[in-house]
Amino acid sequence: MNFRTAVAVIAPSPIRVVAASDFGTTVSEKQFGNYIVTFPAHVTVLGCVATQNNSVGTVTAVPGSNSGLKPNEVSVSTLSLSNEVVGGLDFTLVAFYPAS
């Protein structure tokens with residue numbers, strides 16, 4: 001199976017997509033420090049990785065099909081080093097999906 005990638009760079013205050021590989025990529029804040037990144041419908045995410053861009057802490061990213069969301073959505077949480085949810089942090093998300 002061949003894969004493609006979709007990338008989104010997210011910035012805080014207000015939360016927004018500042019760069020994306022696919023037009024129509026959006027982000028919304030579910031609650032403080034918890035976000036949903038939505039890629040276009042053709043991006044059916046099988047796996048993903050995320051990193052904080054200039055902050056100290058951790059970030060988790062879970063494909064929508066594993067978190068009760070749509071297949072083109074990813075749940076992202078930003079955390080401090082003490083594992084507490086922290087908002088207002090920028091991150092980059094890379095999603096992997098099947099090549100058609």
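Predicted model: local features only at pLDDT ≥ 70, side-chain atom pairs only at ≥ 80, totals over all residues.

Student: Which strand does Thr-92 lie in?
Tutor: Thr-92 lies in strand E8.

Student: Is Thr-92 buried or exposed?
Tutor: Thr-92 counts as buried, because its relative accessibility is 19% and the cut-off for buried is under 20%.

Student: What joins the side chains of Thr-92 and Asn-53?
Tutor: A polar contact of 2.8 Å joins them.

Student: Now the sheets. In what order do the strands stand in the open sheet that contains E8?
Tutor: The order is E2-E1-E8-E5, four strands with antiparallel pairing. Strand E2 (16-20) and strand E5 (47-52) are at the edges; each has a single partner strand, so one side of each is left without a neighbour in the sheet. From one strand to the next, the twist averages 25°.

Student: How many bridges pair E1 with E2?
Tutor: Four bridges pair E2 with strand E1, which covers residues 3-11, and the sense is antiparallel. Ala-8 stands opposite Ala-20 in E2, and Val-9 stands opposite Ala-19 in E2.

Student: What about Ala-20: which residues is it in contact with, leaving aside its neighbours within four places in sequence?
Tutor: On that basis, Ala-20 is in contact with Val-7, Ala-8 and Thr-25. Ala-20 has its place in strand E2 and counts as partly exposed, at 41% relative accessibility. From C-alpha to C-alpha, Ala-20 and Phe-39 are 9.2 Å apart in space, and they are 19 residues apart in sequence.

Student: Next topic: the hairpin. How many residues are between E1 and E2?
Tutor: There are four residues between E1 and E2 in that hairpin. Ser-13, in the turn, has a positive phi of about 55°, and Ser-13 is a residue other than glycine.

Student: What kind of peptide bond joins Ser-13 and Pro-14?
Tutor: That bond is cis, with omega at about -5°. Pro-14 has its place in the loop between E1 and E2. Ser-13 counts as exposed, at 66% relative accessibility.

Student: Where is Asn-83, and what is its phi?
Tutor: Asn-83 is in the loop between E7 and E8, and its phi is positive, about 70°, although Asn-83 is not a glycine. With a relative accessibility of 57%, Asn-83 counts as exposed.

Student: Let us move on to the sheet with E3. Which strands form it?
Tutor: Four strands form this open sheet, in the order E3-E4-E7-E6, and the pairing is antiparallel. Its edge strands are strand E3 (26-31) and strand E6 (58-63), each of which pairs on one side only. The twist averages 25° from one strand to the next.

Student: How many bridges join E3 to E4?
Tutor: Five bridges join these antiparallel strands. For example, Ile-36 in E4 is the bridge partner of Ser-28.

Student: And Asn-34: is it buried or exposed?
Tutor: Asn-34 counts as buried, because its relative accessibility is 13%. Asn-34 lies in strand E4. Leaving aside neighbours within four places in sequence, Asn-34 is in contact with Ser-28, Glu-29, Val-76, Ser-77 and Val-85.

Student: Last topic: the core. Which residues touch the most other members of the largest nonpolar core?
Tutor: They are Val-37, Phe-39, Val-45, Val-74, Val-76 and Leu-93, out of 17 residues in this core. At least two residues of this core come from each of E1, strand E4 (34-38), strand E7 (73-79) and strand E8 (91-98). E8 gives the most, with four residues.

Student: Taking Val-45, what is it in contact with, leaving aside its neighbours within four places in sequence?
Tutor: Val-45 is then in contact with Phe-39, Pro-63, Ser-65, Pro-71, Asn-72, Val-74, Ala-95, Phe-96 and Tyr-97.

Notes. Residues numbered from 1 in each chain as written. Heavy atoms only, no water. Pairing = 2+ DSSP bridges. Axes fitted to C-alpha atoms, helices over the stretch in contact; angles between N-to-C directions. Core = buried A, V, L, I, M, F, W, Y, C linked by side-chain atoms within 4.5 Å. Buried < 20%, exposed > 50% of the residue type's maximum accessible area, 1.4 Å probe, protein only. Contact = heavy atoms within 4.5 Å. Polar contact = N/O pair within 3.5 Å; in protein donor to acceptor, adjacent residues only side chain to side chain.
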